[in-house]
Amino acid sequence: MSTKPLTMDKKLKNELDEFRERVRVEGEKVVFEAFPQKILDLQKIIESTYQTSSPFHLSQAARTTDATVYPPPSAVPEPETKKRKLDAGGGVNGVSITNDASHAKNPAKMIGNKHTAALHEQLKRECETMAELCDKVKLWINLSMPRIEDGDNFGVQIQEDVLSEIHRSQESAYNLRDAARQDYLTRGKICSKIMKYPHLEDYVLALKEHDEKQLYIARQNLYDLRSIYAVLTDMLHKNIEKIRTPKGNNASTMY
């Protein structure tokens, strides 16, 4: 006895069709609104970086680097309730957390560069925005692909090329977002050398050069983000018809 082939429930199919339409609308809004606007917004920031008042201007480095080694903070007794909580295993993932530096090898203190930290946060948000926007366009293009079949695959090849470029753009955004971690690790090593060898002026100069370099890199990252948006927008706009209908009037379906 033959069984009837399974088919999708009509209500479920309608909901998936609605989802696909929402994805298409969001994808096209990114291509024709969000991407062009980001190009203009980033270009405006880039043009402002040549003004000394800009947080990205290299002159900010001299005012924001603090190479002073401060004495260790005086021990402040913790409240009894907090102490009992830590003793009971409070903290992150069951690990007790304390800011007590009395047992550190070198309990002295150096201040981080809050100026570059703020720039890192701004650039991280820009990178995260780029990755999210690219995800929307990728999903739209993937759902626009027709069923696999022989012949007339030129439009599909264009879609695949565009998807590859979007993927590379996302990878660039991820790498640029990692700049903060790399900065903090390198800066921490320089600061540890200053604390260990406070009589060597070269380590202080190295810290100042490092902070100035971070401002330069931050400004260059703005150029990179702007250029990525510009290249993606240009490619998408030039090939929009093939992206929308890779096989002309042939109906395509995801089911």
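## Basis of the model

Buried means under 20% relative accessible area, exposed means over 50%, and partly exposed lies in between (1.4 Å probe, protein chains only). By that rule Lys-124 counts as buried, at 18% relative accessibility.

The model is predicted: local features need pLDDT of at least 70, side-chain atom pairs count only at pLDDT 80 or more, and totals for chains, interfaces and linings use all residues. Residues are numbered from 1 along each chain as its sequence is written, and side-chain values use heavy atoms, with hydrogens and water left out.

Two packed helices are described by the angle between their axes and the distance between the axes. Axes here are lines fitted to C-alpha atoms, for helices over the stretch in contact, with angles from 0 to 180 degrees between N-to-C directions. Helices are DSSP runs (H or I, at least four residues), numbered from the N terminus.

Helix α5 (residues 154–177) packs on helix α7 (residues 201–238) at about 165°. Their axes are 11 Å apart. The two are therefore roughly antiparallel, a label for angles over 145 degrees. Their crossing is left-handed: the near helix is turned anticlockwise from the far one by less than a right angle. Contact means heavy atoms within 4.5 Å. On the α5 side the contact residues are Asp-161, Val-162, Glu-165, Ile-166, Ser-169, Ser-172 and Leu-176. They meet Asn-221, Asp-224, Leu-225, Ile-228, Val-231, Leu-232, Met-235 and Leu-236 in α7. By class, this contact has nine nonpolar, three polar and three charged residues. Nonpolar covers Ala, Val, Leu, Ile, Met, Phe, Trp, Tyr, Cys and Pro; charged covers Asp, Glu, Lys and Arg; the others, Gly among them, are polar.

Helix α4 (residues 114–144) also meets α7. Their axes come within 11 Å and cross at roughly 15°. That makes α4 roughly parallel to α7, the class for angles under 35 degrees. The crossing of α4 and α7 is left-handed. Its contact residues divide into 16 nonpolar, six polar and two charged.

## Salt bridges

A salt bridge is a side-chain nitrogen of Lys or Arg within 4 Å of a carboxyl oxygen of Asp or Glu. The count comes to twelve.

Glu-21 pairs with Arg-24, with the closest N and O atoms 2.5 Å apart. Both lie in helix α1 (residues 10–48), three residues apart, about one turn of the helix. Glu-21 is partly exposed at 40% relative accessibility, and Arg-24 is partly exposed at 32%. A network of salt bridges links Glu-21, Arg-24, Glu-28, Glu-241 and Arg-244.

In α4, Lys-124 and Glu-121 sit three residues apart, about one turn of the helix. Their side chains meet in a salt bridge (3.1 Å, N to O). Glu-121 is partly exposed, at 35%. Arg-187 and Asp-211 form another salt bridge (2.9 Å, N to O). Arg-187 lies in helix α6 (residues 179–196) and Asp-211 in α7, so the pair ties together parts 24 residues apart in sequence. Arg-187 is buried at 6% relative accessibility. Asp-211 is buried at 1%.

## Asp-66 in its loop

Asp-66 lies in the loop between α2 (60–64) and α3 (80–87). It is partly exposed, at 23% relative accessibility. Leaving aside neighbours within four places in sequence, Asp-66 is in contact with Met-110, Ile-111 and Leu-207. Asp-66 and Gly-112 are 46 residues apart in sequence and 7.7 Å apart in space, C-alpha to C-alpha.

Technical notes
Parallel < 35°, antiparallel > 145°, perpendicular 65-115°, else oblique.
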